[in-house]
Amino acid sequence: MLKPDTVSDSGLDARVAAEPPMRLLLVEDDPVQRMMMERTLSRAGYSVMTAADGAEALCEVASGAFQIMVTDWEMPKIDGTTLCRQTRLMGLQNYLYILLLTVHSSPTDVVAALDAGADDFLRKPASEPELLARLNAGQRIIRLERSLKEAQSRIEVLSVTDPLTGAFNRRYLDESLNRAIAQAVRYGRPLSVVLCDLDRFKSVNDHHGHQAGDEVLQQFTHLVRQLLRASDWVARFGGEEFVLVLPEADLNGAMITAEKIRAALEKDPLVTCTGALPVTASFGASSLDLLGANIDPRFGGSSGTREQLLRRADAALYRSKREGRNRVTAG
């Protein structure tokens, strides 16, 4: 049996092996040294591009295409420490690991190199094993930074996502609907919301169990997403109630979208752990233009406007329920 740490290492090795080669920018003004190092680094598996001086290197760095830069210190136009400093000032989206090569070796020089933004410092002429070992250390730092960014992105997604349905949560709705309203008011564009509520959902939980109820909510969300445009989005308002936010849609467009979802839900039962269940939903639509000229463009994204828009949709939803359910009503 494999030990847990052995399995982990194997998985990591497989992931690293599957990654494309790291892109490396080699900055060296001596053409012979540049050619020799390019061959060495290419043999080591790097995708190498070269620059003959610091000015040329800055143009390449600005593209954000590289993960590693190996640069000489003594160069015409822009030397290595200046290149490091100006690179750090760019604020690149992804981290660039910088290895500075130089004949200098005093503690003062080391401090100057690191203060300029270099990650590591290697005395010339560098042996091939030491050069590659330093770059391997750089690769580990780059992968760690990438993993941290991916983890942060996942945390950010989870913080605005309903864990059961995958729809946005109430926090995201409150914040993003304000922004959507402000943008619509500022540019004079339509925006609508649709409040939807699954009919008699309590009976699903009572007669078929909460697992079946959860599956109904998940499949309803999936159905809604399939029928929305790329610019539209759905948030779980609470329980079995959802809000559709439809930028660039007037009231008529919102009614059409809601009717499309209503009809699709009515047409095909939802498959759950207890079998296929016929489910319907009621809808209430409201449009920003119906709020009229009372909206001041300076405050178009205020919570008051958001609540007014949702209140109209909720009143329309209530009429759909009162008039027999499984219908779309404008507010």
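Predicted model: local features only at pLDDT ≥ 70, side-chain atom pairs only at ≥ 80, totals over all residues.

Biologist: What makes strand β3 largely enclosed by the rest of the structure?

Modeller: Buried means under 20% relative accessible area, and five of the five residues of β3, residues 68–72, are buried, so the strand is largely enclosed. Ile 68, Val 70 and Asp 72 point one way, whereas Met 69 and Thr 71 point the other way, and all are buried.

Biologist: How do you know that β3 pairs with β1 and with β4?

Modeller: Pairing requires at least two bridges between the strands. Strand β1, residues 23–27, and β3 have four bridges in the parallel sense, with Met 69 of β3 as the bridge partner of Leu 25. β3 and strand β4, residues 97–102, have five, again in the parallel sense, and Leu 99 of β4 is the bridge partner of Val 70. With helix α4, residues 80–89, β3 and β4 make a right-handed β-α-β unit.

Biologist: How do you know that the length of helix α7 agrees with what its residues should span?

Modeller: Helix α7 has 18 residues, 170–187, which at 1.5 Å a residue should span 26 Å, and because its end C-alpha atoms are 26 Å apart, the two agree.

Biologist: Why is Asn 169 called a cap of α7?

Modeller: A polar contact needs N or O atoms within 3.5 Å, and at the N-terminal end of α7 a side-chain oxygen of Asn 169 lies 3.3 Å from the backbone nitrogen of Arg 171. Just after α7, Gly 188 takes a positive phi of about 65°.

Conventions
Residues numbered from 1 in each chain as written. Heavy atoms only, no water. Helix = DSSP H or I, 4+ residues; strand = E, 2+ residues; numbered from the N terminus. Expected span 1.5 Å × (residues − 1). Polar contact = N/O pair within 3.5 Å; in protein donor to acceptor, adjacent residues only side chain to side chain. Buried < 20%, exposed > 50% of the residue type's maximum accessible area, 1.4 Å probe, protein only. Right-handed = clockwise from strand over helix to strand, strands pointing away.
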